[in-house]
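Subject: Structure for your review

Dear colleague,

Please find below the structure that I am handing over to you. My notes on what was found follow it.

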Amino acid sequence: MATNFNNRALAVSQKVYGWLLRAYPPAHREEYGPAMAQLFRDQCRDAWNEAQGWGLFKLWLRVLPDLVSTSIRERLDALNERKSMNEKIASLSHDRTTPTAIFIRVFIAVFLITVIAATLITFILPESYASTARIKLESDAPPVAGQPSYDPYFIQTEFEIIQSQLVLNPVIDKLKLNVDWGKKYFAGQTLTASQTLEILKQRLQLAPVKNTKLIAITVYSDDRQEAAQIANAIAEAYRDYRVNSHAELKAKGIVVLQQQYKIQEEQIHTAQSDVESLRQQLKSAGDVAASQSPQEQPYWDKKRDLSQLLDLHKSLFSKIEAEQLDAQMPQTALVQIIDQAELGRAPVRPNKTLNIVIGAVAGGFLGLMAGAASALVSFKFGNRARKNAAAT
Amino acid sequence: MAKPKTDPESLLPLTPAVFHVLLALAGGERHGYAIMQEVANHTDGQIKMGPGTLYGTVKRLLEAQLIEESDERPDPHLDDERRRYYRLSGVGEQVVRAEAQRYAQIVELARGKKLIRKPA
């Protein structure tokens, strides 16, 4: 592992330096480029042997300002082709330390260091793929008369359910993520359910699709196939959870209705006995229903109650029939998987362009600050030196 | 092309990078990495020349004919054939001597003013 990183760090450094040699004029690069690259390779090897990554970092801190200042000098010389040989020789003893030159050198050095550091970090960071499955949600709550059907908490509640153990644990079990991730990241040690859940949550991102009932389930992984598998498994586990919950709720409701139905049956049986008893009493006293005398009133009241009970019983029976039929229907409308997750074609993390742009902006800002400070210091020391020289 | 000046005095004082490279080559012909190592050793690691400075200096010294590229290899079996070796030219030797002499005079001057002592 250390050897791989060693090779990779050295290879990346050399590749970047080889690319940076483009800063020199073509003629200089053609003549001295291979020798410079070879010298840098030797220096990389020494720096790594001396202090590994830190040595390499210190080497870059030395080499970048050197590269910036000498490439500018070579470019200027290349532009000034008419320079005489004597002028070229004179440049061997020429000192270039004006505040402006220092500002430019420091600015470019800091800028390049920051951009290179951002680039190196971006290329060393592990790549990550993303896969997204999209699902359509419907609420299973019955509409309430007089109230709006929109539930502002519905989507947020479902987000939390998707990220809960109820949905994610079946995914972990189905894909054996605790074993696979244990092998991959923890030297073969099988992870606990909570550890796996924690990692899975970190890799999971949920987002509503604007102005729709759709939710995007995005999973990130260094393995594109794993990302797609997990995203699809989460969508399926959530759909199963919703369907099963709905069926369970319906079954419980039917049980309650059936209990109520039995109670009503007993009440009807009692009421029928009472009506029959009253009718027998009235029959022995005279003709029933010939005229509704005050003595017959209890009989008619009981009969009306019985009739109401029979109506209720009938409607309860219909409701039970309807609920049983509903429970037998597949509840696919609750959650529909609109888009299955596909394999990611290219890594989405790190965002190389964004990182390098941020590095360039930060490098420009830092370069301005450092360049201005260096030029100011140089200017003040230069003035002091000139005053001292004048005094002596 | 104008002929370069050959009067060593006219080239003085040399920049530190030029002087150190010439000093390193005063000990015999060397390739770039060896020059860099020699300069670092001479200065106790205070001066570690980057590839840009080293080969920029080499380029100017070649143009000024103070050094020349050598086709010979000290030991072809022990070295990379792609390395380029450099050695002092006659003029280069005169220039480095003159610069060393100039430094020696400065050192003497400093000793005369008791700024530095003779090494024990």
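In this predicted model, strand β2 (residues 204-208) of chain A pairs with β3(A) in the antiparallel sense, over five bridges. Within this pairing, A:P208 stands opposite A:I215 in β3(A). The two strands, β2(A) and β3(A), form a hairpin with five residues between them. In the turn, A:N211 has a positive phi of about 60 degrees.

Strand β3 (residues 214-221) of chain A also pairs with strand β1 (residues 129-137) of chain A. This pairing is likewise in the antiparallel sense and runs over eight bridges. Here A:T132 stands opposite A:T218 in β3(A). As you follow the strands, please bear in mind that in a regular strand the side chains alternate between the two faces of the sheet.

Two helices of chain A also deserve a look. Packed helices are described by the angle between their axes and the distance between the axes. Helix α7 (residues 177-185) of chain A and helix α8 (residues 193-203) of chain A pack at an angle of about 80 degrees, and their axes are 10 Å apart. Because angles of 65 to 115 degrees count as roughly perpendicular, α7(A) is roughly perpendicular to α8(A). On the side of α7(A), the contact is made by A:L177, A:N178 and A:W181; on the side of α8(A), it is made by A:A193, A:T196, A:I199 and A:L200. By class, the contact of α7(A) with α8(A) has five nonpolar residues, two polar residues and no charged residues.

The remaining notes concern the backbone. Most residues other than glycine have a negative phi, and most peptide bonds are trans. In chain B, the bond from B:L12 to B:P13 is cis, with omega near 0 degrees, and B:P13 lies in the segment before α1 (16-26) of that chain.

Two residues of chain B have a positive phi although neither is a glycine: B:Q65, at about 60 degrees, and B:K114, at about 55 degrees. B:Q65 is found in the loop between α3 (51-63) and β2 (67-70) of chain B and is partly exposed, with 16 other C-beta atoms within 10 Å. B:K114 is found in the segment after α4 (90-112) of chain B and is exposed, with 7 other C-beta atoms within 10 Å.

Yours sincerely

Conventions. Residues are numbered from 1 along each chain as its sequence is written. Chains are lettered from A and ligands numbered from 1 in the order in which they are written. This is a predicted model: local features need pLDDT of at least 70, side-chain atom pairs count only at pLDDT 80 or more; totals for chains, interfaces and linings use all residues. Axes are lines fitted to C-alpha atoms, for helices over the stretch in contact, and angles run from 0 to 180 degrees between N-to-C directions. Helices (H or I, at least four residues) and strands (E, at least two) are DSSP runs, numbered from the N terminus. Angles under 35 degrees count as roughly parallel, over 145 as roughly antiparallel, 65 to 115 as roughly perpendicular and the rest as oblique. Two residues are in contact if their C-beta atoms, placed from the backbone, lie within 7 Å. Ala, Val, Leu, Ile, Met, Phe, Trp, Tyr, Cys and Pro count as nonpolar, Asp, Glu, Lys and Arg as charged, and the others, Gly among them, as polar. Two strands pair if DSSP finds at least two bridges between them. A residue is buried if 20 or more other C-beta atoms lie within 10 Å of its own, exposed if 12 or fewer, and partly exposed in between; C-beta atoms are placed from the backbone.
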